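This briefing concerns the structure shown below.

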Amino acid sequence: ASEKKKRVKGIVKFDEPNQFAEYQKMIRTGDGELNHSYSVGYQNSELQKMLASKPLGKLGTRLNWIDRGPGNVSGRTRGILVEPRVADHKTWIVGSVGGGIWKTTNAGLTWENKTPEMPNLATTVLAQAASSPNTIYCGTGEGFYNADAVNGGGIFKSNDNGNTWTLLQSTANSNFRNVNRIIVDPNRPDVVLAATNEGPAGIWRSTNGGLNWTKVFTASGRVQDLRATPGNFQIQYATVNGVGVYKSVDGGLNWVKTSRGLVAGSRYEI
């Protein structure tokens, strides 16, 4: 389909999210190159090299910083978990699209930063294993093609209820640059599926807690949403922007289009 254009003071400008994303890519790419030279996950690699050479706790000239605010601007928060084992429902773990992962135990009155050393702070989706609540997956990358979107760097995992996080090295590649949704089998914490934007776009599935992944669906557009039926993880639904809804009845192994009756749209969510 042709891109929409508009003329402003004699200059033709593109008026499409895809064109804006292409512009952002161009200004980060050197002359004569098709893509920038930074690999997905490079922030984490550089962080590990720094920690190995000079551990943060041993720096002789460590600087002390005091937060001066503002304290009332949160930005977009796309990932939210309510701790199921706390009866008052005041313990939350949230992911900010530009500020990492935070935790509150008093319904948001005060917050603790759980990822001060995470190399990619575009934490956009959180998914907790119902049978093992200490296991949480975090997808990075704001794959909604908004004008100020922040690209991600893979999927991070916590085995201690969100207190510490580790990058799944199997996701440190372009396939997981923007992870829009993650779902976890409520009975098997190592079975996890992720909806992505690139590589090309599609759905990836792991049966060993994210050590390895198999692509179970390749989409013609961005997989914006991914949901499992409450009480029956075998039945899942995914949305593909510009296309419609797909359905799986075997736990995400196979997918068929099931959006008869929906008119064409650019963005689909469930």
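**Contacts and overall composition**

Of the contacts in the chain with a separation of 6 or more, 43% are between residues 24 or more positions apart. The model is predicted. Its chain contains 2 helices and 18 strands.

**Burial and accessible surface**

- Of the 270 residues in the chain, 39% are buried.
- The chain exposes about 15,500 Å², and 52% of this area is supplied by carbon and sulfur atoms.

**Nonpolar cores**

- In soluble globular proteins, nonpolar side chains tend to be buried together.
- The largest nonpolar core has 15 residues, and the members that touch the most others are Ile203, Phe217, Val223, Leu226 and Trp255.
- At least two residues of this core come from each of strands E12 (192-196), E14 (214-218), E15 (223-229) and E16 (232-240).
- Strand E16 provides the largest share of this core, with 3 residues.
- Beyond its neighbours within four places in sequence, Leu226 contacts Arg181, Ile183, Leu193, Ala194, Ala195, Ile203, Tyr237, Ala238 and Trp255.
- A second, separate core consists of 14 residues, including Val125, Tyr137, Val179 and Val192.

- A nonpolar patch on the surface is formed by Phe20, Tyr23, Met26 and Ile27, which together have about 410 Å² of accessible area.
- Met26 lies in helix H1, which spans residues 17-27.
- Met26 counts as exposed because its relative accessible area is 53%, and exposed means over 50%.

Methods
Residues numbered from 1 in each chain as written. Predicted model: local features only at pLDDT ≥ 70, side-chain atom pairs only at ≥ 80, totals over all residues. Heavy atoms only, no water. Patch = residues over 30% accessible without salt bridge, like charges linked within 9 Å, V, L, I, M, F, W, Y side chains within 5 Å. Areas by Shrake-Rupley, 256 points an atom, 1.4 Å probe, with all protein chains shown as cover. Salt bridge = Lys/Arg side-chain N within 4 Å of Asp/Glu carboxyl O. Helix = DSSP H or I, 4+ residues; strand = E, 2+ residues; numbered from the N terminus. Buried < 20%, exposed > 50% of the residue type's maximum accessible area, 1.4 Å probe, protein only. Contact = heavy atoms within 4.5 Å. Core = buried A, V, L, I, M, F, W, Y, C linked by side-chain atoms within 4.5 Å.
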